[in-house]
Amino acid sequence: MKSKLSRNSSGVTEFILLGFRTAPAIQILLFLFFLLVYVVTVVGNVSMIIVIRMDARLHTPMYFFLRHLSYVDLCYSTVIAPKTLANFLSHEKKISYNGCAAQFFFFALFVTTESILLAVMAFDRFSAICSPLLYPVHMSQKVCAQLVTGSYICGGLNSMVHTGFTFSLRFCGENHLDHFFCDVSALIKISCVDTSVNEMVLFILSALIIVTTTTVILVSYAYILSTVLKIPSTHGRGKTFSTCGSHMATVTLFYGTVFFMYAQPGAISSPGQNKVVAVLYTLIIPMLNPLIYSLRNRDVKDAVRRVLHRK
């Protein structure tokens with residue numbers, strides 16, 4: 001019944017993901033590139049989750065949030081990469097209507113969750129550095145669990161709104177998506193009805209999430225910077241900046257690409273640029289995050305050595 005309703009309301013039963021329209025030889029190179037990036041992403045994020053789970057010294061709020069960040073990175077890259085890899089080797093490049101809706105929903109869920117988690121991690125660093133005596137109270141185990149749960153709930157609510165609005169559109173038989181996954185910009189572009197409300201909802205919700213979370217991040221780091229500059233020890237300042245620097249690098253990469261994609265007027269109208277930027281935040285950023293946090297973080301590097309030595 002659900003499939004029948006989907007078919008009747010949309011006019012299509014499947015979509016064709018056009019992806020990167022290049023020569024066959026380039027398609028093979030792109031397949032190898034995407035495969036390499038995805039393998040590194042899986043290995044890096046799974047390793048981060050295992051190391052944090054196994055090493056008792058990393059059972060702190062900061063690494064609790066980092067473990068969930070790795071999980072979210074792993075999930076939203078997995079929502080996109082396997083289907084994209086399969087399409088590189090296929091002539092049909094099809095995805096069912098319901099499969100497209102599912103991919104869209106889970107991708108929006110995990111991307112939104114990541115943006116909120118990054119703000120939570122900034123607040124965690126603010127509490128640890130600016131209010132160290134109250135830190136155990138501000139970031140108790142219960143509070144950490146509530147913050148992470150809230151991040152997933154907000155991600156789910158935002159995803160449900162976007163999925164509901166997007167898949168209530170009619171496509172009138174047009175089913176060729178100029179993208180490598182079911183992204184909102186490509187779906188809106190092929191709709192045969194007025195999409196101004198959808199575009200407005202996309203812009204407002206994306207801007208609301210980005211403005212709210214970036215405000216938390218910027219205010220947190222303003223206080224952190226003010227506090228760190230008062231530390232007399234150069235070594236103490238360096239260690240604090242190193243820890244916060246990893247987070248700021250991740251924030252800059254993630255929010256820069258998401259803002260470019262969704263939170264600026266007219267973002268829908270440039271499919272070529274959107275595909276390039278989409279590669280960054282669907283594949284490259286999830287791959288880089290564990291590298292950024294492990295290479296710049298002595299605690300993680302020491303934990304990896306302890307885990308390997310234990311084996």
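Predicted model: local features only at pLDDT ≥ 70, side-chain atom pairs only at ≥ 80, totals over all residues.

Visitor: What does the secondary structure of the protein chain come to?
Guide: The protein chain has eleven helices and three strands. Helices (H or I, at least four residues) and strands (E, at least two) are DSSP runs, numbered from the N terminus. Along the sequence, the pattern is α-β-α-α-β-α-α-α-β-α-α-α-α-α.

Visitor: How much of the chain is buried?
Guide: Of the 311 residues in the protein chain, 49% are buried. Buried means under 20% relative accessible area, exposed over 50%, and partly exposed in between (1.4 Å probe, protein chains only).

Visitor: Now the sheet. In what order do the strands lie?
Guide: The three strands form an open sheet in the order β2-β1-β3, with mixed pairing. β2 (94-96) and β3 (176-177) are at the edges with a single partner strand each, so one side of each has no neighbour in the sheet. Two strands pair if DSSP finds at least two bridges between them.

Visitor: Which way does each pair run, parallel or antiparallel?
Guide: β1 (residues 14-17) and β3 run parallel, joined by two bridges. β1 and β2 are antiparallel, with three bridges. As examples, I16 has H176 in β3 as its bridge partner, and F15 has I95 in β2.

Visitor: Which helix lies across those strands?
Guide: Helix α4 lies across β1, β2 and β3, and runs at about 85° to β2. Axes are lines fitted to C-alpha atoms, for helices over the stretch in contact (heavy atoms within 4.5 Å). The angles run from 0 to 180 degrees between N-to-C directions.

Visitor: How many of the residues of α4 are buried?
Guide: α4 is mostly covered, with 26 of its 34 residues buried. From first C-alpha to last, α4 reaches 50 Å, close to the 50 Å expected at 1.5 Å a residue. The expected span is 1.5 Å times one less than the number of residues.

Visitor: Is R125 in that helix buried or exposed?
Guide: R125, which is found in α4, counts as buried because its relative accessibility is 13%. The side chains of R125 and D124 are joined by a polar contact of 3.0 Å. A polar contact is a pair of N or O atoms within 3.5 Å; within protein, one must be able to donate a hydrogen and the other to accept it, and residues adjacent in sequence count only if both atoms are side-chain atoms.

Visitor: What about K275?
Guide: K275 is in helix α10 (residues 271-295) and counts as buried at 9% relative accessibility. Its side chain makes a polar contact of 2.8 Å with the side chain of D178. Beyond neighbours within four places in sequence, K275 is in contact with G19, F20, D178, H179 and F180.

Visitor: Lastly, what covers the buried residues of α6?
Guide: The cover includes α3 (61-88), α4 (97-130), α7 (184-190) and α8 (196-228). Among the buried residues of α6 are C144, V148 and S151.

Methods. Residues numbered from 1 in each chain as written. Heavy atoms only, no water.
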